[in-house]
Amino acid sequence: MAPKEDRLGTYSEKRDFSSTPEPGDGDAEFDWAEQRPIFVIQKHDASSLHYDFRIEVDGVLKSWAVPKGPSTDPRERRLAVPTEDHPLPYADFEGVIPEGEYGGGTVIVWDRGSYRNLKDDEAEEGEEVPSVAEQINDGHVTIWLEGEKLSGGHALIRTGSGEDARWLLVKMDDDAADARRNPTSTEPQSVKSGRTVEEVAEQEKGGASDD
Ligand code: MN
């Protein structure tokens, strides 16, 4: 695997750090996470609204943009478009990215917590299981989320190949599955600040800080 600086090259190239409030690379500690690795879901009101689903893998945040956001209904398959790796400190970012900058728009921390490789849970003692990085390469990732809004098993599955490849985010059928919950509608606030994207956009117009 390429060194971390190289893997974040796309992220850095797309941003002018003198004009965006987004963080660069660096070490990160998360007092809100009981364990590592972490995951975060950022609601991003950009030219089109989406939810950025990010999981900590080997020192970076592997990322997918989910236009409809996650569902707690196992029958729902949510399109998840891979995006560039983000630096770990990005997990705490909430605020307004200026229009005209890459990804311009408002970001809130919609959910966050830690996660586990579900293959580890299922393994026999001493059995070697694929890491999450290997599962991403293989196009089939199963993880257990311990978030404030979302919990339980979630799968990221790649279908098709080449130009037709698509990733889907699917809730696995377990105790945390709930076809009626619809948390993207009923729980729109940030778990970091309690604010909605609209409130963050309004408050930061006057130059207020993001936390
Ligand atoms: Mn985004």
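**Exercise 1. Find the strand that holds Leu145, then decide whether Leu145 is buried or exposed.**

Solution. Start with the location: Leu145 lies in strand β8 (residues 140-147). Strands here are DSSP runs of E with at least two residues, numbered from the N terminus. This is a predicted model, in which local features need pLDDT of at least 70 and side-chain atom pairs count only at pLDDT 80 or more, while totals for chains, interfaces and linings use all residues. Residues are numbered from 1 along each chain as its sequence is written, and side-chain values use heavy atoms, with hydrogens and water left out.

Next, take the accessibility. Leu145 has 0% relative accessibility and therefore counts as buried; buried means under 20% relative accessible area, exposed over 50%, and partly exposed in between (1.4 Å probe, protein chains only).

Finally, look at the neighbours. Leaving out residues up to four places away in sequence, Leu145 touches partners including Phe39, Phe53, Tyr115 and His154, where contact means heavy atoms within 4.5 Å.

**Exercise 2. Work out which strands pair with β3, and in what sense.**

Solution. Take β2 (residues 49-57) to begin with: β2 and β3 pair in the antiparallel sense over 7 bridges. Pairing requires that DSSP finds at least two bridges between two strands. Within this pair, Ile55 stands opposite Lys62 of β3. The two strands form a hairpin with 2 residues between them, and Asp58 in the turn has a positive phi of about 50°.

Now turn to β5 (residues 81-87), which pairs with β3 in the antiparallel sense over 5 bridges. Here Val60 has Pro87 as its bridge partner.

**Exercise 3. Explain why β3 is largely enclosed by the rest of the structure.**

Solution. Count the buried residues: in β3 (residues 60-66), 6 of the 7 residues are buried, so the strand is largely enclosed by the rest of the structure.

Note on methods. Helix = DSSP H or I, 4+ residues; strand = E, 2+ residues; numbered from the N terminus.
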